[in-house]
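Biologist: I am new to this structure and would like to learn how to read it. Could we go through the features in turn?

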Amino acid sequence: MALNLEQLLTPPPGGIGRYTAELARLLPRLDRSGLGDGDGDGADGGAVDDGGAVDVVPFVARHGRERVAGALRDFGLDGAEGVEPVVLPLPRPVLYDAWHVLGWPSLGVLSARLRDVDLVHAPMVAVPPRRDVPLVVTVHDAAPVLFPHTFPRRGRWFHARGIAAAARHADLVITVSNAAADELVAHTPIGRARIRVVHNGVDQREARDREVAAARAVLGLGEDPYVLWVGTLEPRKNLPTLLAAFRKVVAAPDLPHRLLIVGPAGWRENDEVARAAHLLGDRVRFVGAVRGDQMAALYRGADLFAFPSRHEGFGLPVLEAMAQRRAVVAADIPAIREVAGDAATLIPPDDIDLWAGALTWLLHGPAVRRELGERGRVRATQFSWDRCAAATRAVYAEAIGGAILGP
């Protein structure tokens, strides 16, 4: 099976990068039960059956060897079983545009190692031409269709072409939530019959106290309590609402918290975020992207995780906070309702006063936060990357086993 790892090298890789990396890590290790290590054989001599490991042939666009090695290292894949990507001869923009505009070149033309695979998985909407083997595409949400103004021009064009290619050529389309599936059916040409919902997973390991202390020291946080936000800085994430609400919160003298903003710059940043942050002074810290091995500690060290996003296909940071027993206050939108269940406090995304009230209530209520954190931990155990990989393998088996193409 061929798996595109190019998202790992795309700035910023975001949640799709994590999803792709976990599939690359786990698919070759699945045993007959779908968990852990294993060496199952593919049906008919191929790469996958309905219960064994998957023989993954990863690939990326043209990059220098050190750049590829660094991306694998960033996602903890250096030395991982079966993760030695084929480097294609074309750079990313040329490769993706050729696929979406010309329907050429096929993977087999680009690399001999990719000629004999029995399935291709595009884990995002960079869709290679479909030739003689099944094609599975993951479309994470319909955000570029629903909120085109929040994407740069190039991003809108790429996603429109990619979604159209998935609709034309994919045997099966994976998406990450029922909410996202509903969006795709309502707003794209992809029909319900071809969509399979496979929820994302989350790392179940809880950070230790010494890891929390080390992360605080590295970032110079001292002992100050903080509220945490995590994501890519782009308009859908609705950061100005959180900044404005937090300014109301810290006007009270008995709440010493800072707001910690963690994540890389994305696109279409504007003066609104800068102005709101300026009004908070040293009560807000933007720390940029943080190493993966520090993220669990930052979640665990927070008093509260806040996530007012206007739209998500899944909302992985909410689940990551829950896995660390942190209380979560998040936007009341379909994907987050589906993922969080009753284990988070949900608020309409744009009501600044309600957000300020919820933050104040939770920060003054340690018992409520502990109870929410425990419920969140239980909820998070229902979402594992092993389960995601096993369900993805089942989609591969279905695609290999039958002709799915249709509306």
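Modeller: Start with how elements are named: helices are DSSP runs of at least four residues, strands are runs of at least two, and both are numbered from the N terminus. The model is predicted. As a case, V109 lies in helix α4, which covers residues 107-110.

Biologist: How do I read a sheet, and what is the order of the seven strands in the open sheet?

Modeller: Strands of a sheet pair through backbone hydrogen bonds, either parallel or antiparallel. Here the order is β3-β2-β1-β4-β5-β6-β7, and the pairing is parallel. Each of β3 (86-87) and β7 (195-197) has a single partner strand, so one side of each has no neighbour in the sheet.

Biologist: Which helix packs on the sheet and touches β6 and β7, at about 165 degrees to β7?

Modeller: That is α7, residues 178-187. Helix α16 (residues 385-401) also packs on this sheet, touching β4, β5, β6 and β7, and its direction makes about 170 degrees with that of β6.

Biologist: What is the order of the six strands in the other open sheet?

Modeller: It reads β10-β9-β8-β11-β12-β13, with parallel pairing. The edges are β10 (284-288) and β13 (345-347). From one strand to the next, the twist averages 20 degrees.

Biologist: How many bridges join β9 to β10?

Modeller: Four bridges join these parallel strands; V262 has G288 in β10 as its bridge partner. Helix α9 (residues 239-249) lies across β8, β9, β10 and β11, at about 165 degrees to β9.

Notes:
Residues numbered from 1 in each chain as written. Predicted model: local features only at pLDDT ≥ 70, side-chain atom pairs only at ≥ 80, totals over all residues. Heavy atoms only, no water. Pairing = 2+ DSSP bridges. Contact = heavy atoms within 4.5 Å. Axes fitted to C-alpha atoms, helices over the stretch in contact; angles between N-to-C directions.
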